[in-house]
Each structure stands twice: as C-alpha cells, then as structure tokens.
Amino acid sequence: MEVKIRQRARLLKTIAALIFLGLAWGYAQLEWSTPSSLSHSVVQGRGSILAADGTVLASSVGGERHYPQGPLAGQVVGMMGTQKGLEGIENAYNPQLESGQNITLTLNPRIQAQAEAALARRIPKSGGDSGAVIVLETRTGRILADASYPPFDPNHWRDYQPSDWRNRPLLDVFEPGSPIKGLTVAAALNEGALTPETVFDTPMRRYVGDKSSGSTIGDAVQHPAKLTTTGVLRYSSNVGISHVVERLPGTKLRDYLLAYGYGTDVDLGPVRTETGVLQNENKWDPLVRTTSGFGQGMSGTTLQLAAAYNVLANDGLYIPPKLVEGSEYGQRREVLTHPQARQIKPMLQTALEGIHHAAGINGYSCAGKTGTAQMAGDDGRYMKGQYNSTYAGFCQTVDPRITIAVMVHGAKEASGVYQGSTLAAPIFQEVSAGIISMWGLPPEELPDGYSVGNPAAVQRAQEEGGSTAATATDSAATEGTAAEPATPAENAPAAPASDGENTAPADTDETVPATASGAAGE
C-alpha cells in the first residue's frame, strides 16, 4: 500500500511538471512572438505604398507583405518585420500604414529605374563602394528618383547586409567637392562682388590664411596665370575660388551655404535624413572659408546637393524637396535675388561644355559642375587613391524641368574611372537623356551667338530664344550623339608645400584639353 502511494505521488509530480512546462511554453509564445493569426491580421490590414503613377511598391496579400517591383526603390520603400515597418517608408509612415492608409510617393518608376540602372552600370567599373542619384522636379521639388547602389530587394531583406538597406541619397554624408564652387560664385554674383569677366591672378599655388594656421592650396591642372571668374569654374581652380571667397567677408559665405541647405536638415517629415557638417562661426577663419568655398572641410548628402543646385535652376529660389505626395514640409525662400546671379547658369554651361562628351546632350543646353574629392578616412586624413566622384546640374537651362545630383563613393584611382568627368558626369548624362527621350522633349533651337567660353553671349542667346525651350513639350526628342571623348589631363594633387608650410588637400578636378575656343576644364 505504501509503495502504491509513493508511485502515485511521483506520477502526480510528473504530471504537474508537464503541465507547468506546457503553461510556461505557452506564456513564452505570448511574450516573445506573435501568434500567426495575429501576425496575419496585422499584415493584411496594412496600407499599400504606391509610386506617383499608381505603381504598387508594397502591398499585403494573403497575410504577407509583398514588394512586387523587387529592388526598384527598395531602400526608399524599406521593409516590414512581423508586426511593424523596420526601414524606409514602411518604418517612417508605420502609424499611417497600420491604420490602413495608402502612402503615395513622388517617385516616377521609369526615372527611378533609369537612375538605378545607370549606377549599376557605371560603379562596378570604378571600383566604387556605393552611389546615389537624386532627380528633382525643378519647379516643385518633388523627388522623381531616389536611387541607391548597391541594390536591395525588400522581399528578401534578411539576405542583405544592413548597409544595403540604407537610403543613401538621404543618409550618406560626404564632402561634395567642386560642385560647391558653383554655389560660391553664385553667392558672389548675388552680392555684386564680381562679374563673369572679373580677372584674378591665379598661380598654381597660393598660401591662404594666417602664417601660423594657414595652408597652401593648389590646383591640379595647368591653366593661365590669370583667369576670369568663368575661367575659374572652367578650370575648377581652387586658387581662383580663394580670391572669390575673399570678396565674401566674414561669415557671408557660410550664411549662403546655410540658405542653400547645407548645415541644416532637409525636412521630409517622418523620413529620416542626415545633415552633414558646416563649420561653426567661431571656426570660420580664412582657411576654412576658402576650403568650404571649394567643397572640402564641409559635408552633406546627395539630397542637399540636389536641393542646392535646384536653387540655381530656379533662379535663386529654394524649394523644399518632397518625397510623399500631399506632404508639405519646409519653407520656400529666396536665396539669390540679384538679377546678376542668374549669370551663373551660362557660366556653368561653359564649365560643362569642357566635358560635353561626358555630360552634355547635343541639341540641349545643359549646365553643371563636377567634383573629384579625396575621401576622408575615419581618422580625418584624406585617403590616397580613393575618391568621391560627384556631379550636379540641369538641362534646358532657360527653364529646367529636372535637377540632378550624382555621387559615387569610394571610386578607385587604379580603375582609371574615378573623376567627376569620367564617372559621375556620364551618369548624369545617361539619366538626363533618358528623361528627355521619355518625355519627348524636342531639341532646343539654340540661336546664333550661343557659344561656349562666353557666358555673356550664352545669356544673350537665352534671352532671345528662351521661349522655345520653355513651351515646346510634345514632339519626339532626338538625342544627339556625343562627341568622341577628349583625353583627360593628368589629375594629380598639388605637390606638398615646402619650408614647413601646411598644405590643404587639393580638390582634384580634372579638365580636358583646350577646345578651339581656348577654354578648357571641367
């Protein structure tokens, strides 16, 4: 009898232990995971993400989240986890999507695809690590393309590294280099501090700043000992920019860079963006002023670069970028108000014509500026043989419809395809030509007097024939065949300073040989 009682007691203990373990397992499931039925309900009731033309970028089908366009705008859309959005629009607009609201983006799927394809074709040849393209609708600020490289397919997001999830045009910060020269010159024009024909002494090297804290800056390409302001842009002369900056005393240039959108957030509402660095006023000494004037010692994103060049395209008006239809963030503001500042467009046309084979489109006026800036490492030192290749600009310069910024990060000198003119500019050209063809924009009737190397003549021609480009929209576009490329000049940083001088990094923009008009440069 006593043995039976002990056996029954052990049996009851075993049963109790099993019941306890079962309850513990069930509680753990409630605490640590979502029941499949609940997860199915959360996903099924979630709103869709659409492109501007109604193309579905994300939707819920059968209790699962699907991304029917695959990697198209993958980083922009982001992805959803078991219960909520983890990255991109899925994360930023999670409350709205959870409530069943659809989110429509400003993206044009065809332009987005063209931008992504151009990055994918060009970057591997350069040895670059990553890249970004922003295409803005000039008059509205709507983001028509927000392209990142490497590609990312949110349908299989666990197969990718977290770095591949990044919306690079909004989040990757870099030193923009020489495109900032266009912004600097436009600011000086707006202040009435110079004209396109103002002449500067431009030796290949010049010491800038105080004796104790200054530095020697240098140019990478041989050029005349005197350059006009237009020539400074044409040859991408750091020395020339140092003279331009001196005509913007104190923190005046910093104020303009802030107005262009550098050093401040680009407000896209709940969508995360990075800001970059613009030196504080108390550090704004002559050397910082000069290096900032040619885009080094400061940083920003591809979106900021596009928004800044959109100011030039809009004759001085800053228009806040927009990614979601119906959203209104940021304020419009006048950055350039003096009519003389509009001369920056024909000046940037002459800069582009030096590399027309790489960035121009025959039959269309295009304007812009390249950059080839050494990459800064984690230790703050510039890395030998690795560059950020950039380009910013627009076409149909009388009345531009799109503004484009391109950035390729980590292009390798050893590839031979790392300069702004051989990497970023062709991406700009490819995307621009694709849009012109897609929209059926007819070639401009460029009148007599339109010439490179003479911004005054270009401006007069635009004023005389500007209505043609502004109104013609319906005929089929004819994309001209680019001329054979000229051989880039040697692109080497300035030689180290002697006698113990400090040396600032050169912005190493390369130029092409002189054209028949005698003007050369990027």
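Cys 395, Gln 396, Arg 401, Ile 402, Ile 436 and Leu 441 line the second largest cavity of this predicted model. About 50 Å³ of space lies inside this cavity. Its lining has four nonpolar residues, one polar and one charged. A search of the whole structure finds three cavities of 30 Å³ or more. How is such space found? Rolling a probe the size of a water molecule over the atoms shows where empty space is left.

**The largest pocket**

The structure also has pockets, and the largest has a volume of about 350 Å³. Its lining is made of 15 residues. Nearest the centre lie Arg 65, Met 80, Gly 81, Trp 157 and Arg 158. Helix 2 (36-44) and strand 3 (64-66) are the elements that give two or more residues to this lining. Which of the elements gives the most to the lining of the largest pocket? Strand 3 does, with three residues. By class, five residues of the lining are nonpolar, seven are polar and three are charged.

The table sets the two spaces side by side.

| Space | Volume | Nonpolar lining residues | Polar lining residues | Charged lining residues |
|---|---|---|---|---|
| Largest pocket | about 350 Å³ | five | seven | three |
| Second largest cavity | about 50 Å³ | four | one | one |

**Helix 13 and the cores**

Now turn to helix 13, which covers residues 302-313. At 1.5 Å a residue, its twelve residues should span 16 Å. Its end C-alpha atoms are 16 Å apart, which agrees.

Is helix 13 enclosed or open to the outside? Twelve of its twelve residues are buried, so helix 13 is largely enclosed by the rest of the structure. Among the buried residues are Leu 303, Leu 305, Tyr 309, Val 311 and Leu 312. Thr 302, Gln 304 and Asn 310 are buried too. Just after the helix, Asp 315 takes a positive phi of about 55 degrees.

In soluble globular proteins, nonpolar side chains tend to be buried together. Here, the largest nonpolar core has 82 residues. Helix 13 gives the most to this core, with nine residues. A second, separate core has 38 residues, including Val 133, Val 406, Ala 424 and Ala 425.

Back in the largest core, the residues with the most contacts inside it are Ile 89, Leu 105, Leu 257, Tyr 260, Leu 312, Leu 336 and Ile 344. Take Leu 312 as an example. Which residues does Leu 312 touch, not counting those up to four places away in sequence? They are Gly 182, Leu 183, Ala 186, Tyr 260, Leu 336, Ile 344, Lys 345, Leu 348 and Phe 394.

**A residue in a loop**

Gln 101 sits in the loop between helix 5 (94-98) and strand 4 (103-104). Is Gln 101 buried or partly exposed? Its relative accessibility is 40%, so Gln 101 counts as partly exposed. Gln 101 is in contact with Gly 47, Ser 48 and Gln 96, leaving aside neighbours within four places in sequence. Gln 101 and Ser 48 are 53 residues apart in sequence. In space, their C-alpha atoms are 7.3 Å apart.

**The whole protein**

The protein has 17 helices and 15 strands. Of its 522 residues, 54% are buried. Consider the contacts with a separation of 6 or more: residues 24 or more positions apart account for 72% of them.

Note on methods. Residues are numbered from 1 along each chain as its sequence is written. This is a predicted model: local features need pLDDT of at least 70, side-chain atom pairs count only at pLDDT 80 or more; totals for chains, interfaces and linings use all residues. Side-chain values use heavy atoms; hydrogens and water are left out. On a 1 Å grid over the protein atoms alone, a cavity is a set of points where a 1.4 Å probe fits but cannot get out, and a pocket is an open set with protein on both sides within 12 Å along at least five of seven lines; lining residues have an atom within 4 Å of a point. Grid points are joined across faces, edges and corners, and a volume is the space filled by probe spheres set on the points. Helices (H or I, at least four residues) and strands (E, at least two) are DSSP runs, numbered from the N terminus. Ala, Val, Leu, Ile, Met, Phe, Trp, Tyr, Cys and Pro count as nonpolar, Asp, Glu, Lys and Arg as charged, and the others, Gly among them, as polar. The expected span of a helix is 1.5 Å times one less than its number of residues. Buried means under 20% relative accessible area, exposed over 50%, partly exposed in between (1.4 Å probe, protein chains only). A nonpolar core is a set of buried Ala, Val, Leu, Ile, Met, Phe, Trp, Tyr and Cys residues joined through side-chain atoms within 4.5 Å. Contact means heavy atoms within 4.5 Å.
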